[in-house]
Amino acid sequence: MKYVLVTGGVVSGLGKGVTASSIGVVLKACGLRITSIKIDPYLNTDAGTMSPFEHGEVFVLDDGGEVDLDLGNYERFLDIKLTRDNNITTGKIYQSVIDKERRGDYLGKTVQVVPHITDAIQEWIERVALIPVDGKEDPADVCVIELGGTIGDIESMPFIEALGQFSYRVGPGNFCLVHVSLVPVLNVVGEQKTKPTQHSVRGLRGLGLTPNILACRSTKALDENVKGKLSQFCHVPATNIITLYDVSNIWHIPLLLRDQKAHEAILKALNLQCVARKPALEEWTARAELCDMLHEPVRIAMVGKYTGLSDSYLSVLKALLHASIACHRKLVVEWVAATDLEDAAARETPDAYKAAWDLLKGADGVLVPGGFGDRGVQGKILAAKYARENKVPFLGICLGMQIAVIEFARSVLGLQDANSTEFDPETTNPCVIFMPEGSKTHMGGTMRLGSRRTYFHVIDCKSAKLYGNVSIIDERHRHRYEVNPDMVEQLENAGLLFVGKDETGQRMEIVELPSHPYFVGVQFHPEFKSRPGKPSALFLGLLSAASGQLEDIMQNPFRFYKAVTTNGISNGQPTVKIHQNGFGPREARMLSGFTGFTQHGVMESLGGMSTDHLDYSQARKVPNHSVFLYFSWSWRSESDAMYFRIIPSCL
């Protein structure tokens with residue numbers, strides 16, 4: 001196992017998470033298998049009980065782990081599925097050591113930070129690095145580790161010491177340190193200043209770690225004389241000093257690393273030059289460039305509680321971006337504080353009230369994300385009512401779905417006191433109730449968490465079509481309240497359909513309003529499984545409805561296909577293997593349904609080619625369809641696999 005450690009200096013918020021993810025992308029493009037670990041030095045066991053204002057969103061994994069948002073970056077960039085153990089916290093380490101002490105594992109020893117805490121950190125890293133996260137059985141080739149915080153923080157000292165010991169233990173050729181630092185530009189003189197980075201590296205070296213590569217954040221590319229100065233004072237070769245300057249979108253970061261040959265420096269430090277190939281980032285490049293070229297806007301009103309900090313809804317924003325790219329639209333998010341929509345705001349802050357309603361009414365679609373607590377609930381209800389009555393595309397996630405149900409019960413059923421017991425425990429019409437298995441005394445890890453299965457009870461609905469006409473889907477959850485099953489029949493009789501339910505049929509998962517162009521609420525969090533190039537089905541539905549493309553998208557959902565073949569051809573026909581959650585037999589036949597572009601034709605176009613790597617693409621207008629289809633696939637003989645991509649967009 002090889003290890004790449006990413007640390008940060010000078011200030012926090014430099015983008016260590018994106019840098020670590022981008023390093024993984026470039027190494028993966030070189031043919032290596034990657035896993036990731038995030039170290040958070042705080043004492044919390046996990047991120048589950050932390051306020052979004054404190055630490056951004058809580059990202060949820062398949063196994064129910066509530067983790068730092070950087071693990072979301074890793075999953076999205078690398079298309080992997082991590083576990084709760086991939087997020088190390090001081091709380092977890094100390095808890096494991098204390099548990100061992102109580103069991104008597106250290107019998108006769110004085111338990112200390114060194115060696116017991118530092119040994120526990122190293123053992124945790126080695127154990128988790130061996131867990132496959134890409135669907136294969138064998139361990140990954142490289143583990144990218146991000147150390148949270150900045151060098152010099154008191155709380156990170158045990159981890160610094162442990163990682164110093166770890167680098168010595170695994171030995172040269174197995175460990176590479178990338179230090180992310182700031183090179184500010186003073187507006188007065190316009191000069192790039194190296195002193196903060198010099199001090200940061202000096203502090204890092206004083207703690208026993210020597211950087212192999214410097215990744216310097218700045219507003220523009222570093223001048224050569226600045227690189228020379230940093231090289232001289234930080235003892236890092238000038239070729240290993242990388243500039244991460246401001247770019248139009250974060251998908252350019254892996255391209256910056258590639259263009260500056262960061263992968264060559266890392267591969268050299270890890271003795272992997274002979275194993276890896278030239279990074280294949282054609283698809284990544286195309287996506288980054290496409291994002292820059294889009295100009296036709298689609299406006300989505302984000303009606304939430306934490307609108308003052310965009311990181312609170314980071315995965316939602318990324319899922320919206322992925323879907324907007326698929327729809328060939330430039331995403332414009334209109335942040336609407338839910339409290340500003342309420343009647344109280346009209347009296348107390350009339351300007352904010354008017355501005356909020358103007359943004360809502362000017363939006364092409366409305367999204368109400370998840371959240372906890374009663375602040376802003378009435379504003380969210382008003383937003384759902386506006387979207388329902390004015391036929392504006394609407395997506396409600398978790399609490400957003402519960403809000404939509406409450407609003408429907410009040411406005412359509414006439415139950416004016418309809419509410420959630422979270423907000424009004426004494427309501428006579430509880431539309432949303434506390435789940436029986438939940439805990440009201442312990443907050444951490446007691447919700448319904450992780451990947452759960454949803455069964456479609458209505459196949460001819462928008463959600464099922466967007467998922468590819470499947471009967472079941474697996475999505476990630478994080479909630480302790482649910483729609484009251486005793487009120488489902490009354491709500492459905494009034495026109496609100498619960499099209500998706502859990503395995504018992506008693507827990508509501510997806511709700512739709514059939515009479516509406518797109519009015520969908522889901523109890524789960526589809527944003528956590530959205531990926532660049534593979535957008536979440538329901539976010540794709542929202543963006544396509546908001547841009548007038550929903551019917552075309554439902555007929556030809558944006559999907560990736562992986563055809564596993566033998567020597568590239570299997571009796572002239574590819575054997576389609578479903579790659580992402582939400583596929584059914586219909587998708588396996590989609591390619592053969594396109595006039596003039598059959599499965600057999602695809603395989604023939606590649607037949608007889610003996611190159612190790614071939615990229616081929618073709619654009620074609622399908623007769624009798626108002627859809628432009630862009631096909632791209634790549635062949636690599638070492639994997640004997642063919643990848644298909646279909647991006648539908650209206651002409």
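In which helix does valine 114 lie? Valine 114 lies in helix α5. In this predicted model, valine 114 counts as partly exposed because its relative accessibility is 43%, between the limits of 20% and 50%.

**Surface patch**

Valine 114 belongs to a nonpolar patch on the surface, together with Tyr94, Ile98 and Val113. The accessible area of these residues together is about 310 Å². Two elements, α4 (90–103) and α5 (113–129), each give two or more residues to the nonpolar patch.

**Overall composition**

The secondary structure of the chain comprises 22 helices and 28 strands. Of its 651 residues, 58% count as buried. The accessible surface of the chain amounts to about 26500 Å², and carbon and sulfur atoms contribute 51% of that area. Among contacts with a separation of 6 or more, 71% are made by residues 24 or more positions apart.

**Helix α19**

Helix α19 (residues 537–546) is mostly covered, with ten of its ten residues buried. The buried residues of α19 include Phe539, Gly541 and Ser544. Glycine 548 follows α19 and has a positive phi, near 75 degrees.

**Aromatic pairs**

The count of aromatic pairs comes to eleven.

Phenylalanine 77 counts as buried because its relative accessible area, 7%, is under 20%. Tryptophan 284 is likewise buried, at 9% relative accessibility.

Phenylalanine 456 lies in strand β18 (residues 448–456), whereas tyrosine 467 lies in the loop between α17 (462–466) and β19 (472–479), so this pair ties together parts that are eleven residues apart in sequence. Both phenylalanine 456 and tyrosine 467 are buried. Elsewhere, ring pairs link Tyr3, Phe166 and Phe175 into a cluster.

**Cysteines**

A disulfide is a covalent bond between the sulfur atoms of two cysteines. The count of disulfides in this model is zero. Cysteine 143 is buried, with a relative accessible area of 0%. Cysteine 398 also counts as buried, at 4% relative accessibility.

Methods. Residues numbered from 1 in each chain as written. Predicted model: local features only at pLDDT ≥ 70, side-chain atom pairs only at ≥ 80, totals over all residues. Heavy atoms only, no water. Buried < 20%, exposed > 50% of the residue type's maximum accessible area, 1.4 Å probe, protein only. Helix = DSSP H or I, 4+ residues; strand = E, 2+ residues; numbered from the N terminus. Patch = residues over 30% accessible without salt bridge, like charges linked within 9 Å, V, L, I, M, F, W, Y side chains within 5 Å. Areas by Shrake-Rupley, 256 points an atom, 1.4 Å probe, with all protein chains shown as cover. Salt bridge = Lys/Arg side-chain N within 4 Å of Asp/Glu carboxyl O. Disulfide = S-S within 2.5 Å. Contact = heavy atoms within 4.5 Å. Phe/Tyr/Trp six-rings, centres within 6.5 Å; stacked < 30°, edge-to-face > 60°.
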